[in-house]
Each structure stands twice: as structure tokens, then as C-alpha cells.
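Hi everyone, thanks for making time.

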Amino acid sequence: MSAVEARLAELGLTLPEVVPPLAAYQPAVQSGVYVYTAGQLPMVEGKLPVTGKVGAEVTPEEAKDLARTCALNALAAVKSVVGDLDRIARVVKVVGFVASASDFTGQPGVVNGASELLGEVLGDKGVHARSAVGVAVLPLDAPVEVEIQVELAQ
């Protein structure tokens, strides 16, 4: 077990299976020392636990938890390409998309769920640049979607 997966276990988390693509793309690709994930939905065992807009059908707290799930799914996608999460030198960038009610402006707080998970799991290697964007709708009516870019140790 890698140190990263041991840390996940300490947090009571397990790395899920990679979420299969919903269309014509790969869950993650490597280019040089970087791995880029596709947008990861908060799928749990092949299903979305909740759907709808944040600030309407979904509370910001629920959405923050869903963003954590997205980040966990993103780590699974990275592992599917590199084989060992201990190869991560750092998370470079996180982009979070939040399906938002028209008056909801708390996207950064929602995406903190992903950022905080990466910090808990990877420590200083999890510190990253980030964008948190409100959108009208996401695939499958998901409340949140997260993509990450990581740099690998050489």
C-alpha cells in the first residue's frame, strides 16, 4: 500500500474504482511529468448520491461533501495512469464546477471540499492553484464536478 493510500485509510477513506467515462474521453491522461484528469463527478458505486442545483435542491454543505468525493475520484483516475499515488510531487491546479441556483454565490466554499481533501491526503503536496466556477447545469444533473492536474516526481 502506498503512503498516500495509507493516509486515505487513516482518514477512513478508500480509493474507489475509476469512474467510467460518460462520453468519448479518458478519465486521466499523462503528458510528460503532468497528469490531467477529466472532470470527475461525485459518483459513488456508479451512481450520483444527489442531483440538482446548489442553493436550491442541494445545500452548500452537501455539495462540499460531494466535492470531496470528486477529488477522491480524481485521485483514482490519477492512479489508473501512474500506478502509484506516491509519485505525485504536487497538485498543480484544481478546477471545480458548481451547478448553481441563480442566486448562489458560494462556489469557493463548495470547492473547498476538494481542496481540503487533497490537503488532508497529500499535505504540502496538495496545496494548489484553483478556480471555482458556477454553471447552469452539469452532466447527469450533478451538483459539482472537479478536475485536477498533478505533477509527478521525476
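This is a predicted model: local features need pLDDT of at least 70, side-chain atom pairs count only at pLDDT 80 or more; totals for chains, interfaces and linings use all residues.

Residues are numbered from 1 along each chain as its sequence is written, and side-chain values use heavy atoms, leaving out hydrogens and water.

Let's start with helix 2. Helices here are DSSP runs of H or I with at least four residues, strands are runs of E with at least two, and both are numbered from the N terminus. Helix 2 has 23 residues and spans 33 Å from first C-alpha to last, close to the 33 Å expected; that expectation is 1.5 Å times one less than the number of residues.

Now helix 3, residues 107-122. Where does helix 3 kink? The kink is centred on Gly113 and is about 30°, the bend being the angle between axes fitted to the seven residues ending there and the seven starting there. Gly113 is also among the buried residues of helix 3, as are Val110 and Leu117; buried means under 20% relative accessible area, exposed over 50%, and partly exposed in between, with a 1.4 Å probe and protein chains only. The buried residues of helix 3 pack against helix 1, helix 2, strand 3, strand 4 and strand 5, where contact means heavy atoms within 4.5 Å.

On to charges. A salt bridge is a side-chain nitrogen of Lys or Arg within 4 Å of a carboxyl oxygen of Asp or Glu, and by that rule there are five. One of them joins Glu120 and Arg68 at 3.2 Å, N to O. Glu120 sits in helix 3 and Arg68 in helix 2, so this pair ties together parts 52 residues apart in sequence. Another pairs Lys79 with Glu5, at 3.0 Å between the closest N and O atoms. Here Lys79 is in helix 2 and Glu5 in helix 1, so the parts tied together are 74 residues apart.

Finally, the surface. Val29, Tyr34, Tyr36 and Val92 make a nonpolar patch of about 310 Å². Val92 belongs to strand 3 and is partly exposed, at 32% relative accessible area. Patch residues have over 30% relative accessible area and no salt bridge, with like charges joined within 9 Å and nonpolar side chains (Val, Leu, Ile, Met, Phe, Trp, Tyr) within 5 Å; areas come from the Shrake-Rupley method with a 1.4 Å probe, and for residues only the protein chains shown count as cover.
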